Amino acid sequence: MNILTVEHITKSYGEKVLFQDVSFGMEENDKIGVIGVNGTGKSTFLRVIAGMEQADEGKIAVNRGVRVTFLAQNPEYDPNITVLRGVFQGSEPKLQVVSAYMEAEELLEHKPGDAKLQAEVTRLAQEMDKQDAWGLESEAKSVLSKLGITDFNQSMGSLSGGQRKRVALASALIVPCELLIMDEPTNHIDNDTVTWLETFLQRRRGALLLITHDRYFLDRVCGVMLELDHGRLFRYEANYSRFLELKSEREEREAASEQKRQNLLRTELAWIRRGAKARSTKQKARIERFEKLQAAKTEYKSDSLDISVASTRLGRKIVEIEGLRKSVEDRLLIGDLTYTAVPGDRVGIVGPNGSGKSTLLNMIAGRIQPDEGEIVIGQTVKLGYFTQEHQEMDGSQRVIEYIKEEAEVVTTADGTRITAAQMLERFLFPPAMQWTPIAKLSGGEKRRLYLLRVLMGAPNVLLLDEPTNDLDIQTLTVLEAYLDEFPGAVFAVSHDRYFLDRTVDKIMAFEGGGVVAVHVGDYSDYEERVQGSAGGSEEIGRSKAGETAKSKASAADSVQNAAGDSSRNMSRNEKLKFSYNEQREYEAIDGMVEAAEQQLAKITAEMETAASDAVRLQELMQKQQAAEAELERLMERWAYLNELAEKIEAQRNS
């Protein structure tokens with residue numbers, strides 16, 4: 001059953017179009033992931049769908065009786081209420097009555113003899129009966145505990161940003177609704193909690209629409225991908241792994257189409273430059289075709305990043321940790337840790353929230369001191385520290401000024417010198433955007449800018465604290481490729497299992513009670529070892545769009561071949577006139593070409609909607625190949641007939 005329909009919505013901020021003429025629908029059990037580069041408007045897209053913002057154009061229809069719950073990326077909160085009451089903040093009637101009942105009980109504790117308060121508690125208890133809401137409190141405590149929040153009476157104002165996000169997540173999960181919309185639900189929660197959330201959402205009845213950078217999460221939870229790309233929306237009936245293949249195929253088709261358009265455009269441009277007089281209907285039609293070709297440019301290639309920044313030379317001594325010990329408020333985080341880093345080290349640091357992972361990075365960076373032991377940093381080490389927070393950013397500062405503070409020119413791995421402005425362009429900050437105040441950037445764009453600044457310093461030891469938070473998947477893919485070539489050592493705190501599997505070869509696990517154990521292998525190896533059953537953990541293919549892409553033969557020579565054929569035909573036709581059949585074909589060829597183009601476009605559209613049907617897709621691919629071949633044949637005839645018509649016209653005028 002359809003629960004939501006989005007029809008032709010458009011949203012812009014100033015001159016920037018986030019999405020344009022977007023349409024899609026959701027069924028009652030759809031689980032959909034939204035993908036796109038930071039700054040493309042993913043969060044705005046969710047807010048518009050949830051009714052938190054208005055679209056500039058179009059409409060959204062939610063079926064009667066469908067309840068929508070929205071989890072924001074940075075939820076609002078009341079700092080003066082307890083964690084438990086924080087879970088029950090929202091517009092859902094059940095939440096409101098539980099919150100009111102809890103507040104009335106708290107007040108009655110301070111004024112036990114207040115008859116008015118006693119009456120209010122009794123009234124709210126009756127309302128709790130009507131709403132069948134008595135079980136929500138125990139459910140809320142259970143979910144909070146799963147999310148790592150155990151002090152239910154702690155004030156919301158005393159929590160960290162990550163803890164507040166988890167309270168908001170608990171609230172979203174306990175609310176009964178037909179459509180749950182979530183913006184980055186996996187941020188700020190540890191690996192075990194992400195696994196629990198996966199299972200919870202897999203079993204949950206109802207529709208789900210979410211944004212996340214966690215590729216394993218997308219693969220295991222979502223069966224549909226929506227991709228925002230240059231203002232357009234593409235729907236793929238597939239999980240993340242299959243999406244990569246389908247996206248690659250789409251981009252190949254668009255690239256081939258654009259190549260053909262460019263070839264035809266060159267042919268037409270040459271004809272125009274020869275002095276088209278546009279006196280006949282045919283010539284006018286041909287000029288109109290040229291103008292149509294010029295206007296038909298498509299964005300077939302996704303933006304790509306290049307972060308091939310050179311690193312500084314690294315000596316033998318890198319980071320040596322000896323007998324390290326650290327406690328916080330009588331709680332032992334690290335007890336007697338000893339580790340010596342070697343060139344090429346890739347160490348993933350995992351453990352529950354608050355176990356001391358970021359504390360370890362801060363000690364390596366020299367920002368805090370250990371209680372016992374020491375950390376010796378080699379003389380040639382140049383640290384690059386990508387922290388969880390980027391509060392050091394001045395919102396009034398321009399993007400390019402922020403980067404130039406680190407370096408105005410960098411040298412890439414191949415020896416090329418690149419300016420800060422050029423490097424910003426590689427990081428998807430075009431010239432006009434480089435003079436934008438940082439405050440106007442999205443959260444993901446700020447994160448990407450911060451990453452560029454760290455890498456602009458040409459570090460040879462990287463400390464990465466939750467690098468996947470707020471970065472889009474494309475940026476993560478390029479960062480992973482960068483780490484493949486990075487010659488120095490890397491210490492990465494992350495809850496992103498895909499990122500860890502992709503980049504590290506050792507796991508430093510915070511196991512509680514001050515125990516920090518080092519395991520050889522990636523995260524999946526570590527997880528299997530912990531579970532005690534080799535092969536027991538689920539594994540997902542590490543396909544990337546670039547790996548699944550296959551090269552196709554280009555049809556770039558079709559028009560040039562047609563020109564060659566026409567010159568040979570002309571040499572055989574010395575009278576320079578159409579035959580009867582050629583005359584009829586010449587009069588009909590424009591309509592035939594247009595019909596062939598429409599047929600090809602129809603087949604391409606059908607392929608997008610049939611992406612999850614392998615049999616149907618194969619049939620359509622065969623039809624597409626036949627349609628492309630027919631269009632090429634017609635274009636060759638079109639080029640020949642029009643050139644012959646020019647020759648005949650020139651002969652008449654001579």
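Me: Does α5 pass α6 in a right-handed or a left-handed crossing?

Reply: This is a predicted model, in which local features need pLDDT of at least 70, side-chain atom pairs count only at pLDDT 80 or more, and totals for chains, interfaces and linings use all residues. Residues are numbered from 1 along each chain as its sequence is written, and side-chain values use heavy atoms, leaving out hydrogens and water. A crossing is left-handed if the near helix is turned anticlockwise from the far one by less than a right angle, and right-handed if clockwise. The crossing of α5 past α6 is right-handed.

Me: How are α5 and α6 oriented to each other?

Reply: Helix α5 covers residues 136–146 and helix α6 covers residues 161–174. Their axes (lines fitted to C-alpha atoms, for helices over the stretch in contact, with angles from 0 to 180 degrees between N-to-C directions) are 9 Å apart, at an angle of about 135 degrees. Angles under 35 degrees count as roughly parallel, over 145 as roughly antiparallel, 65 to 115 as roughly perpendicular and the rest as oblique. The pair α5 and α6 is therefore oblique.

Me: Which residues of α6 does α5 meet?

Reply: Contact means heavy atoms within 4.5 Å. From α5 come Leu136, Glu139, Ala140, Val143 and Leu144. Their partners in α6 are Val167, Ala170, Leu173 and Ile174.

Me: How many nonpolar residues does the contact of α5 with α6 have?

Reply: Ala, Val, Leu, Ile, Met, Phe, Trp, Tyr, Cys and Pro count as nonpolar, Asp, Glu, Lys and Arg as charged, and the others, Gly among them, as polar. The contact of α5 with α6 has no polar residues and 1 charged residue. Its nonpolar residues number 8.

Me: Which residues touch the most other members of the largest nonpolar core?

Reply: A nonpolar core is a set of buried Ala, Val, Leu, Ile, Met, Phe, Trp, Tyr and Cys residues joined through side-chain atoms within 4.5 Å. Buried means under 20% relative accessible area, exposed over 50%, partly exposed in between (1.4 Å probe, protein chains only). The largest core holds 59 residues. Those that touch the most other members are Phe88, Leu144, Met182 and Leu201.

Me: How do α3 and α4 lie relative to each other?

Reply: Helix α4 covers residues 115–131, and its axis lies 9 Å from that of α3, at an angle of about 155 degrees. That makes the two helices roughly antiparallel.

Me: How many charged residues does the contact of α3 with α4 have?

Reply: Residues that meet here include Val97 and Tyr101 in α3, and Leu117 and Leu124 in α4. By class, the contact has 13 nonpolar and 2 polar residues. Its charged residues number 4.

Me: Is Ser99 buried or exposed?

Reply: Ser99 sits in helix α3, residues 93–110. Not counting residues up to four places away in sequence, Ser99 touches Arg85, Phe88 and Gln89. At 9% relative accessibility, Ser99 counts as buried.

Me: Where is Glu329?

Reply: Glu329 is not a glycine, yet its phi is positive, about 50 degrees. At 77% relative accessibility, Glu329 counts as exposed. Its place is the loop between β10 (319–328) and β11 (331–340).

Me: What is the relative accessible area of Asp336?

Reply: Asp336 is in strand β11. Its phi is positive, near 60 degrees, in a residue other than glycine. Asp336 is exposed, and its relative accessible area is 58%.

Me: How far apart are the C-alpha atoms of Phe24 and Val6?

Reply: Phe24 is in strand β2, residues 16–27, and is buried, with a relative accessible area of 8%. Among the residues Phe24 touches are Val6, Phe45 and Leu226. Phe24 and Val6 are 18 residues apart along the chain, and their C-alpha atoms are separated by 5.2 Å.

Me: How many strands are in the protein chain?

Reply: Helices (H or I, at least four residues) and strands (E, at least two) are DSSP runs, numbered from the N terminus. The protein chain has 21 helices. Its strands number 20.
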